Amino acid sequence: MKIVAAFTVVGLLAVCSLAGAKSIDIDFTRVKSIDQYDHYWSRLPAELQALRSVEVPQGRITNGQLAATAQFPYQALVYSDAGDGYYSLCGGSILTNNYILTAAHCVTNDLGQVAPGGIMILGATDRSVIQSTQQRMTFSGAGIRVHPQYSLSGIRNDIATIRLDTPAVFNAYVKPIVLPALSDTRQFGGVEGTATGFGRTVDNGSPSNVLMFVRNPVMTNAQCNLYWSTSSVQAQNVCLDPTGGRSACHGDSGGPLTVQDAGSSLQVGIASFVSSQGCTSGAPSVWVRVSYFRDWIRQNSDYVFRA
């Protein structure tokens with residue numbers, strides 16, 4: 001049986017004033033996993049409800065590789081207002097100094113309603129402290145754009161953009177990602193991919209305080225469909241090989257999957273979902289294929305694609 005769970009599974013509470021970027025802080029006594037909520041499980045088919053009490057195997061985003069300062073300057077931390085006093089934790093990537101690219105399920109609730117706003121942190125390698133490299137700013141619900149055909153139940157069109165209330169300042173620690181050019185038809189099967197994020201280091205544990213990464217080959221969709229059905233993984237998706245237990249995990253949602261291209265990091269995927277049997281269950285992590293949504297990204301941000 002193929003079972004799906006969205007990556008976004010933790011919520012953090014912001015407790016300080018949002019007036020200045022450096023004054024934004026997180027109260028870690030208020031950390032709560034979204035899979036502790038009834039509504040997280042109620043969206044699953046009835047036969048899968050038993051998984052709520054099943055222990056899952058350990059899962060790591062990297063199986064143990066720590067990111068260096070400025071190694072992934074395009075990484076964003078997205079804290080969306082969950083509407084219950086908590087902020088859900090997700091990843092994202094910097095498109096421009098105004099826009100962040102992320103997953104739709106990172107900025108919507110179970111009813112498909114857009115979050116009223118949130119906090120964005122750029123330039124972080126340790127989210128538990130306020131680093132001099134960090135830029136912290138807010139975003140509003142009016143600045144969130146979710147794909148109009150986004151489907152939570154089918155996890156289709158799981159893509160969104162966020163406009164920052166204050167433009168980012170680019171430097172060695174904060175830089176935009178590169179997306180595939182309009183003429184780029186490559187599928188990247190067999191190319192080494194890099195996944196980054198602050199997600200859980202174990203399936204039933206807490207998200208990582210520090211930025212982690214994993215490298216494994218990008219799969220062809222035909223290879224991925226040996227694990228996932230064609231209803232789950234389609235042309236709008238791309239998968240990362242799960243060999244060695246190396247996988248994105250809960251909390252990494254919305255974050256980037258990149259490949260090296262002409263000396264630059266090229267984003268090919270957005271973290272979307274993993275098997276609810278565990279991040280290291282042997283099923284590939286599934287991502288939104290960026291090239292499939294180039295027109296939508298162009299219409300919902302100020303990113304300029306190369307020809």
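For the chain, the mean pLDDT is 82, and 78% of the residues reach 70 or more. Because the model is predicted, local features were required to have pLDDT of at least 70 and side-chain atom pairs were counted only at pLDDT 80 or more, whereas totals for chains, interfaces and linings use all residues. Residues are numbered from 1 along each chain as its sequence is written, and side-chain values use heavy atoms, with hydrogens and water left out.

Two disulfides are present in the structure. A disulfide is a covalent bond between the sulfur atoms of two cysteines; it was assigned to a pair of cysteine sulfur atoms within 2.5 Å. One of the disulfides joins C90 to C106, with an S to S distance of 2.1 Å. The link of C90 and C106 is left-handed, with -85° about the S-S bond. C90 belongs to strand β5 (residues 87-94) and C106 to the loop between β6 (99-102) and β7 (117-122), so the pair ties together parts that are 16 residues apart in sequence. Helices (H or I, at least four residues) and strands (E, at least two) are DSSP runs, numbered from the N terminus. C90 is buried, at a relative accessible area of 1%, and C106 is buried, at 2%. Buried means under 20% relative accessible area, exposed means over 50%, and partly exposed lies in between (1.4 Å probe, protein chains only).

The other pair is C224 and C239, whose sulfur atoms are 2.0 Å apart. The torsion about the S-S bond of C224 and C239 is about -75°, so this disulfide is left-handed. Distant parts of the chain are linked by the pair: C224 is in helix α2 (residues 221-224) and C239 in strand β13 (residues 237-240), 15 residues apart. C224 is buried, with a relative accessible area of 0%, and C239 is buried, with a value of 0%.

The largest nonpolar core contains 47 residues, of which I100, M120, L122 and I297 touch the most other members. A nonpolar core is a set of buried Ala, Val, Leu, Ile, Met, Phe, Trp, Tyr and Cys residues joined through side-chain atoms within 4.5 Å. Two or more residues of this core come from each of β4 (75-81), β5, β6, β7, β8 (135-140), β10 (160-163) and α3. Apart from neighbours within four places in sequence, I297 contacts L95, L101, I159, L179, V290 and F305. Another core, of 13 residues, lies apart from the largest one and includes A195, L240, V268 and W287.

D302 is found in the segment after α3 (294-299) and is partly exposed, at 34% relative accessibility. Residues up to four places away in sequence aside, D302 touches T96, N98 and Y99. The side chain of D302 makes a polar contact of 2.6 Å with the side chain of T96, and a polar contact of 3.0 Å joins the side chains of D302 and N98. A polar contact is a pair of N or O atoms within 3.5 Å; within protein, one must be able to donate a hydrogen and the other to accept it, and residues adjacent in sequence count only if both atoms are side-chain atoms. The C-alpha atoms of D302 and R163 are separated by 9.5 Å, and these residues are 139 residues apart along the chain.

Key:
pLDDT is the predictor's confidence in each residue, from 0 to 100. Contact means heavy atoms within 4.5 Å.
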